[in-house]
Amino acid sequence: MPVVNSSAWDTPDRFVTDPDDVAALLRDPRFTVGQLATHLDQIAARGGPRFPHLTEMARHAFAFQTGEAHLAARRATAAFFAAPALTAWAPVADRAFASALDRLEAAEAPDVMRDYCEAAFLDFVRAFAGCPGGDDERVLELIRLANNTTQPMLSLKTLGRIDAALGELLGYLSTDPMPGVDPSLEGFPAFLARRKDRLSDPAAAPYIALSALVGSHTVAQSLALALYGLLLGDAEHWRAAAEPGWTDTALDRVMSLYPSTLTLVRMAEDEVNLGGCPFHKGEAAVMDVVAANAELRRRVPDGSAHLSFGAGPHKCPGAPLSQLFLGRAIPALARRFPQLALHRDGVRFHVTPLVQYPVALPVTRDAQSRRLTGRMVEIRDLDEARAIVNDDETWSPPRMEPYLTALADRSGRDFGPARLVARNAMFFMSGERHAAIRRAVADSLGGNRLARWQPLIEAETQAALARLAAAPEPDLIADYADPIFRGIAGPVLGIAPADPERFDVLAPILQDVLEPWLPIRELDRLQAVIAEILDGLRPPATDGLPGTPLLTRLMDEDLPDTDETDIKALVLVMYGASFNMAHTLGNILHHLLTLPPEDRKGAADPAWIDAELERLISLCASPKYIYRMARGPARIGEIEIRPDETLRLQLLSIDRGVGTGNLAFGHGLHRCVGAALSKRMLRTALPALFARFPGLALKPQRHRYFEMTQTVALATLPCRLGSTGKDRP
Amino acid sequence: MTRTLTPPAPEVVDFLTAGIARFTKQDPAAIRPDSVLVDLGLQSIDAVLLSGEVEDHFQIELDPATIFSHETVGSFASDITKRLGAR
């Protein structure tokens, strides 16, 4: 009997996605679970190592058992996992959530997976699965590792590490009553010891208990994935989880949307034909649980019909436990931290062909403005932020030019190019020169002036769609967001580098201009790049363009105290800022494609995109902060601000799904001059993509973020274009 | 949640005390490990210059923002000492 071959996951188009086929397959006796026992025997037969604990797990853990032994073991243990028995464990779960919430409250760098999901899981499972031994970090590490046992074709090294982990965990199990837990509550090992006679093989008890301990980590995985999905949404969506009755109305859908299980797999024991698909003997049938659940939600929108726990004899025994755990953990977190905000660019995932779950969920706990350091106060409240950006008397933009001049004097170094940029970066400007330049720029980039550029925007969008369609490994950043940004920003601003390739390599560093307190060595690197780029700029071509480039127009203006070099620097800085067009488009695409298909049905419809745009921008705009400096002593709420101190307006908490009136593009005197152009690009590029590729989907959690402190920016966003509308959702 | 502090190395404390005294135009004797950096009048510009000097002198990378994440000279000195150890 051959073993499951991991190449079965290389052809997603052959996955079984129809829920009826999936359920039938899971109940069909001609399909069997992965043969871990056979795999281990084959390794040993070829002179490979023996894995004693894994061998026992392969015989006694439900996931690998088949036939009568499996059914007998399931019958003997069913009572322990059934819903009625679990209600007695609810107080143990609630205590675990309460102490995890305190831990999250006190954590210096709060992370909802480490400090809440896994902390509460371990606290609970120590009693429930009878595992008092070992220190917390060690036990969790071993459980995470052993939870991968169901993954096909693991390396010998990994099998060896799992085997050792299982051996160590066995030593931490106990049948003794757990301290601090109601003595009438019996842990799973004690339950099994008491009913030993009903097991077909009494020696199985420790390994059945061990598989429950390791297998139940999936509860923590799914809780983390559910919180990731809920926290990606807007604040209102999150606060709803704190409302009484949320569990009754919303938990089913959460179970359908956020199982950490991506796929299930079975082996055909002989020639089988199922749902029109032939499977020959020994072939692996991979079932796409995410797609099957999406189809079931189309039939039953409340999500109560789902295959997250599988079906048939191997249906997950932990289903009632998941319902209890997630049903209480999510409201408890939402009530304690109603303003919880997720740093999506800090999220990290563990992904295999079978599962996906977050391993890091960094958060900001509340929207309370507070002092961060001796020189910086962080603003997280929308009303406070709006008052600050509207009050130019008290709060000025960062005064970068005088700062660099003083730095040059004090250090004796020449910061010429850096000061040229600081002088001509609109976000650092103040007063009459700023107002004059703003008026001139608005003549080119103001909303009513941009209609003439629409043909260029559409042409660049079509070119990017063609590029994406032709890409062997399509990536929504490299093959869509970036080319559209470059194709628009260059001509509209009038940036015409003599060596475009070299320019595209250097230009991203322009984004560092915004970084406060840039170290001197970075300042040197930045200004060397600026000098080289400025040298390489040519007068922009204007023929064949539907409008006049900004640089050309500004050269004709009579701007106060601004010569040609200033204008080139001004437009170059705006090109640096325009990278946010690509980053925001990328973030919105990741957001939309992470949503369940039914929540983005209108994505191909320009009217739907238009109605959703402000909310999407508030969640996905790439800039993380707006900075202001105190012109004099000031106060915000309880916080005393000293002159020249820096305020950092944290848009994540301020804007979280505010929709219209968000501060993603700022407000008032310094409102982003590129806002209209960005929105026009988004209104064109978003619907065009979804209209062209209705079956578009992300490769689960394969995206990567740039390590940038000021910006949420995706480096890669790999996708599957999907068949154009055949069977995909 | 206080961070367990590595005892600051004397040469680090001396180097910082001399630098801060120079930037804030004070007598080095007035600067002690428990002196609060902000109360000494250390400005953002001083932080950028000082961290540049620390980088050159001790051959480590030091983000200027790090200085202000510390309350006192001693806490900042122990952070640098820890980075020297890690180098």
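**The contact between chains A and B**

Mentor: Let's start with the charges: 3 salt bridges are found across the interface of chain A and chain B. Keep in mind that this is a predicted model. One of those bridges joins Arg521(A) to Glu55(B), with N and O 2.5 Å apart. On the chain A side, two helices, α18 (400–411) and α24 (520–535), each supply at least two of the residues that touch chain B. The biggest giver is α18(A), with 5 residues. Sorted by class, that side of chain A has 8 nonpolar, 3 polar and 5 charged residues. As for polar contacts between the two chains, the count is 5 residue pairs, both partners being at pLDDT 80 or more.

Now the extent of the contact. Chain A puts in 16 residues and chain B 19 residues. Three residues, Arg375(A), Arg410(A) and Trp517(A), supply 38% of the area that chain A buries against chain B, more than any other three.

Next, salt bridges as a whole. Over all chains, the rule counts 54 of them. One is between Asp201(A) and Arg59(A), whose closest N and O atoms are 3.3 Å apart. That pair links distant parts of the chain, 142 residues apart: Asp201(A) is in the loop between α10 (188–194) and α11 (205–215), while Arg59(A) belongs to helix α3 (residues 52–60). Asp201(A) counts as partly exposed because its relative accessibility is 24%, and Arg59(A) is partly exposed too, at 44%.

For a local pair, take Glu141(A) and Arg138(A), with closest N and O atoms 3.6 Å apart. Both sit in helix α8 (residues 136–146), and because they are 3 residues apart there, about one helical turn separates them. There's also a network of salt bridges that links Asp18(A), Asp20(A), Glu295(A), Arg298(A) and Arg299(A).

Arg344(A) is buried and has no salt bridge; Asp345(A), the nearest side chain of opposite charge, is 7.3 Å away. Leaving aside residues up to four places away in sequence, Arg344(A) touches Leu232(A), His591(A), Leu619(A), Cys620(A), Tyr705(A) and Val712(A).

Conventions
Residues are numbered from 1 along each chain as its sequence is written. Chains are lettered from A and ligands numbered from 1 in the order in which they are written. This is a predicted model: local features need pLDDT of at least 70, side-chain atom pairs count only at pLDDT 80 or more; totals for chains, interfaces and linings use all residues. Side-chain values use heavy atoms; hydrogens and water are left out. Contact means heavy atoms within 4.5 Å. Buried area is the accessible area (1.4 Å probe) that two parts lose on being put together, summed over both. A salt bridge is a side-chain nitrogen of Lys or Arg within 4 Å of a carboxyl oxygen of Asp or Glu. A polar contact is a pair of N or O atoms within 3.5 Å; within protein, one must be able to donate a hydrogen and the other to accept it, and residues adjacent in sequence count only if both atoms are side-chain atoms. Helices (H or I, at least four residues) and strands (E, at least two) are DSSP runs, numbered from the N terminus. Ala, Val, Leu, Ile, Met, Phe, Trp, Tyr, Cys and Pro count as nonpolar, Asp, Glu, Lys and Arg as charged, and the others, Gly among them, as polar. Buried means under 20% relative accessible area, exposed over 50%, partly exposed in between (1.4 Å probe, protein chains only). Lys and Arg count as positive and Asp and Glu as negative; His and the chain ends are not counted.
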